[in-house]
Amino acid sequence: MAIKLINIGFGNIVSATRIIAVVSPESAPIKRVISEARERGKLIDATYGRRTRAVIVADSGHIVLSAVQPETVKNRMQARDSNSESTDLE
């Protein structure tokens with residue numbers, strides 16, 4: 001089983017197989033999730049001081065903050081999936 005890695009901005013990568021959700025950070029429930037993860041020590045801030053645009057929820061309970069749009073993360077995941085499928089066919 002190959003590990004699929006997704007670039008989430010500024011050279012940071014996460015394992016695509018561990019991602020449960022990629023959401024926008026504007027809603028109150030997501031802000032609460034971020035706050036709780038910070039208190040538990042499960043928050044990973046990969047924004048490099050920039051505005052948080054995507055919140056990535058991992059199956060380990062970690063929350064990853066990214067400065068790229070959720071749509072961009074989704075597109076990168078889909079591009080990675082289509083690349084691996086074409087490689088599998090060869």
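Is Phe10 buried, exposed or partly exposed, and what is its relative accessible area? In this predicted model, local features require pLDDT of at least 70 and side-chain atom pairs count only at pLDDT 80 or more, whereas totals for chains, interfaces and linings use all residues. Residues are numbered from 1 along each chain as its sequence is written, and side-chain values use heavy atoms, with hydrogens and water left out.

Phe10 is partly exposed, at a relative accessible area of 41%; with a 1.4 Å probe and protein chains only, buried denotes under 20% relative accessible area, exposed over 50%, and partly exposed the range in between. The residue Phe10 occupies the loop between β1 (5-9) and β2 (12-15). Strands (E, at least two residues) and helices (H or I, at least four residues) are DSSP runs, numbered from the N terminus. The phi of Phe10 is near 55 degrees, a positive value in a residue other than glycine. Most residues other than glycine have a negative phi.

A positive phi near 55 degrees is also computed for Tyr48, likewise a residue other than glycine. Tyr48 is located in the loop between β4 (43-46) and β5 (54-58) and counts as exposed, at 53% relative accessibility.

Arg51 also lies in the loop between β4 and β5, and Arg51 is exposed, with a relative accessible area of 53%. When neighbours within four places in sequence are left aside, Arg51 is in contact with Glu26, Ser66 and Ala67, contact being defined as heavy atoms within 4.5 Å. The C-alpha atoms of Arg51 and Ser24 are 12 Å apart in space, with the two residues 27 apart in sequence.

Four strands, in the order β3-β5-β6-β4, form an open sheet with mixed pairing; two strands are taken to pair if DSSP finds at least two bridges between them. The edge positions are held by β3 (19-23) and β4, each of which has a single partner strand, so one side of each is left without a neighbour in the sheet. From one strand to the next, the twist averages 20 degrees. Axes are lines fitted to C-alpha atoms, for helices over the stretch in contact, and angles run from 0 to 180 degrees between N-to-C directions. Strand β6 (residues 63-66) pairs with β4 in the parallel sense over four bridges, and the bridge partner of Asp45 in β6 is Leu65. Helix α1 (residues 28-40) packs on the sheet and touches β3, β4, β5 and β6. The direction of α1 makes about 115 degrees with that of β6.
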